[in-house]
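Here's a quick briefing to keep open beside the coordinates.

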Amino acid sequence: MLSTLVGCFVLPSLAAQVPFGLSPDGKPSLELETASTIFQPYHDNSANPLYSDNLELSPWQLDELPPASKTGHFVFETVNSLLQHWPNTRYRNGHTMVPGVIPKGTLLYHGAVNNTIPTVPEWTATDPEHSILFCQGSPDTGCWHLTLAVTRPLKVLYFDGTSAANTLNGTLDTQDIIAWGELRPGWWSKEDQRIEDLCKWGAPYAVDGYVLMEMDFEVMLCDFTAGLEVVSWSHLASLVEPVSTVPRIPNFFLLRMFEVMQAGSWHNRYPGDTRINLDLAGIVSLYDTTLVPSLVGSRDGQERCDHSVGAISSADIEAVRRSVSRTLERDQGDISGIDWKTLFRVIVERYSERFDLMDYLLNSENNTTVDRALKVHVQLRVMLTPYIFHSTMPPNASYDTSNSWATPVFKACGTAHTSSIVSYISSLNPSERLLLHAVQETTREICRVITKMWASGVLAGLDIYLPRGSTPDAAQMVRLMESWRQELSALMTWLDWSMWVRCRPACGPEEMCYLPSWPVNVPWGRRPRLPPYRQYESSDIINKSFPNSLPLTHGSSMQLASPQDDDWRKPKPKCIRRVAPYGF
């Protein structure tokens with residue numbers, strides 16, 4: 001099989017990609033703009049076309065590629081990946097903040113070395129396998145494990161990416177922007193100060209905590225007594241192995257670490273961790289190119305795994321903070337009522353598996369080229385059937401190189417999910433406009449490519465409903481298949497949906513598919529030993545239990561991965577064991 005890089009991952013079944021270039025000269029497409037590019041939340045918008053009933057669109061041209069500077073597809077995949085462990089492990093540097101609520105009755109967990117309930121802002125885990133890892137104490141003293149229940153909806157702010165990983169590589173930047181109004185990479189280890197200042201910042205907006213992700217999801221609570229009650233405060237047996245002659249699992253701590261990773265993997269894919277209900281109508285993204293114009297140039301020529309917010313300007317930081325503040329204090333009636341989560345999911349479900357199947361067929365060596373071409377064209381026809389009009393008819397001659405006869409199909413497909421929303425766009429708030437244009441830009445490019453592929457198949461005589469006068473010859477089919485391989489590969493690379501990144505072949509019954517994660521896969525030799533995070537935690541117990549002295553006191557590990565650490569920068573899926581011997 002040929003391979004191509006998708007984002008920062010290799011999909012073995014994809015053919016060589018066709019790079020996307022800049023759009024042709026001409027009028028910019030409002031359909032392709034992100035919401036923030038058109039909507040200026042802090043300026044006069046009276047002349048803005050988004051406030052009119054008619055949204056002017058650029059010509060629907062099948063050969064017009066999306067401009068390289070546009071970020072709607074990044075916003076689309078970010079929304080499609082919120083609260084999912086797998087995609088946020090792929091791309092550790094988060095760019096997005098979303099308000100949310102943790103419902104009444106939800107359980108949260110905290111592990112400690114003594115029976116003192118935190119009186120300052122502290123972490124809780126959403127799964128006990130995670131918190132148990134920090135239930136620290138010797139075999140003589142045991143350890144303490146706290147279970148809390150939410151007694152009223154807790155107001156939270158979610159930071160995407162691997163936002164609980166204390167690194168110098170950008171994982172903490174969005175939190176620094178909110179907490180301090182500036183980036184402080186030298187403060188990577190000051191987790192206590194960061195959460196305390198985040199809680200001070202969020203107090204006027206009644207924020208109860210912040211949702212982050214590392215090996216699993218966690219909630220940094222501002223007050224353990226606000227909207228919470230103690231379910232149990234258990235004195236548990238220590239995780240430290242006693243001296244024994246009884247046969248045991250080698251390196252019992254690796255078992256515990258694996259179980260944390262496995263708990264995180266429960267939330268790998270959609271719908272992710274369902275214990276946090278996000279309000280997408282309040283999303284703020286640093287991929288919003290008008291809200292944060294200073295980052296546009298820093299992404300030029302970069303793969304998404306290298307995207308960071310390090311080049312953000314002071315003015316843009318203030319704009320982001322104002323946007324987050326406004327979304328936290330806005331009236332809940334200031335939304336359209338559109339189910340954005342479902343809209344994004346419907347689009348992904350409609351196309352993702354079909355593209356996967358087409359990619360397989362295009363790169364398979366089974367059957368003849370003509371047979372595989374017919375099967376691919378059937379998939380194209382099925383996807384476009386709702387948009388192929390009775391009047392759709394290719395010209396008898398081949399002079400129409402632009403395939404303008406297929407333009408109505410392209411436009412009907414590209415606006416199918418958004419045309420009704422556009423009719424009342426003036427009622428959408430800025431976050432919803434961002435979501436709308438992410439959908440518009442993404443579906444437009446999807447429909448452009450599949451319409452172009454379908455039209456070329458029609459002209460080659462593959463469509464039984466629109467027959468041509470001649471039978472396709474073998475050489476023509478080889479050229480068509482190669483063109484299709486390139487077009488589909490480029491589209492899947494551009495979309496970069498995480499569901500296409502998986503272990504191939506699939507893992508066995510005693511294995512699970514795993515992406516190298518923080519902190520266990522940080523390049524060796526880059527982890528300093530550190531004192532305990534709080535005075536009641538003991539790092540020595542954990543440090544002695546893990547190979548190469550990896551410190552796992554909560555919040556006290558770091559990594560300084562350099563560009564040559566490519567396996568860390570571009571993690572690839574692999575199968576790891578679910579039973580001993582463990583390894584990552």
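In this predicted model, helix α13 (residues 430-459) packs against helix α14 (residues 474-495) with their axes 11 Å apart and an angle of about 175° between them. Anything over 145 degrees counts as roughly antiparallel, so that's the label α13 and α14 get.

**Who touches whom in the helix pair**
- On the α13 side, the contact is made by E441, T442, E445, I446, V449, K452, M453, S456 and G457.
- α14 answers with L480, W484, E487, L488, L491, W494 and L495.
- Sort the residues of this α13 and α14 contact by type and you get nine nonpolar, three polar and four charged.

**The chain as a whole**
- You're looking at 16 helices and 14 strands in the chain.
- Of the 584 residues in the chain, 58% are buried.
- Take the contacts with a separation of 6 or more: 78% of them link residues 24 or more positions apart.

- Mean pLDDT for the chain is 84, and 81% of the residues reach 70 or more.
- One stretch to flag is residues 9-56, where the pLDDT is below 50; the model still gives this stretch 146 contacts beyond near neighbours in sequence.
- Residues 525-564 also have pLDDT below 50, and that stretch has 120 contacts beyond near neighbours in sequence.

**Cis peptide bonds**
- Going from W518 to P519, the peptide bond is cis, with omega near 5°. P519 sits in the loop between β13 (511-514) and α15 (539-545).
- The bond from A580 to P581 is cis as well, with omega near 0°. You'll find P581 in the segment after β14 (574-577).

**Positive phi without glycine**
- A206 isn't a glycine, yet its phi is positive at about 60°. Look for A206 in the loop between α6 (191-202) and β8 (209-213).
- N367 isn't a glycine either, and has a positive phi of about 65°. Its place is the loop between α9 (340-363) and α10 (369-384).

Conventions. Residues numbered from 1 in each chain as written. Predicted model: local features only at pLDDT ≥ 70, side-chain atom pairs only at ≥ 80, totals over all residues. Heavy atoms only, no water. Axes fitted to C-alpha atoms, helices over the stretch in contact; angles between N-to-C directions. Helix = DSSP H or I, 4+ residues; strand = E, 2+ residues; numbered from the N terminus. Parallel < 35°, antiparallel > 145°, perpendicular 65-115°, else oblique. Contact = heavy atoms within 4.5 Å. Nonpolar A, V, L, I, M, F, W, Y, C, P; charged D, E, K, R; others polar. Buried < 20%, exposed > 50% of the residue type's maximum accessible area, 1.4 Å probe, protein only. pLDDT = per-residue confidence, 0-100.
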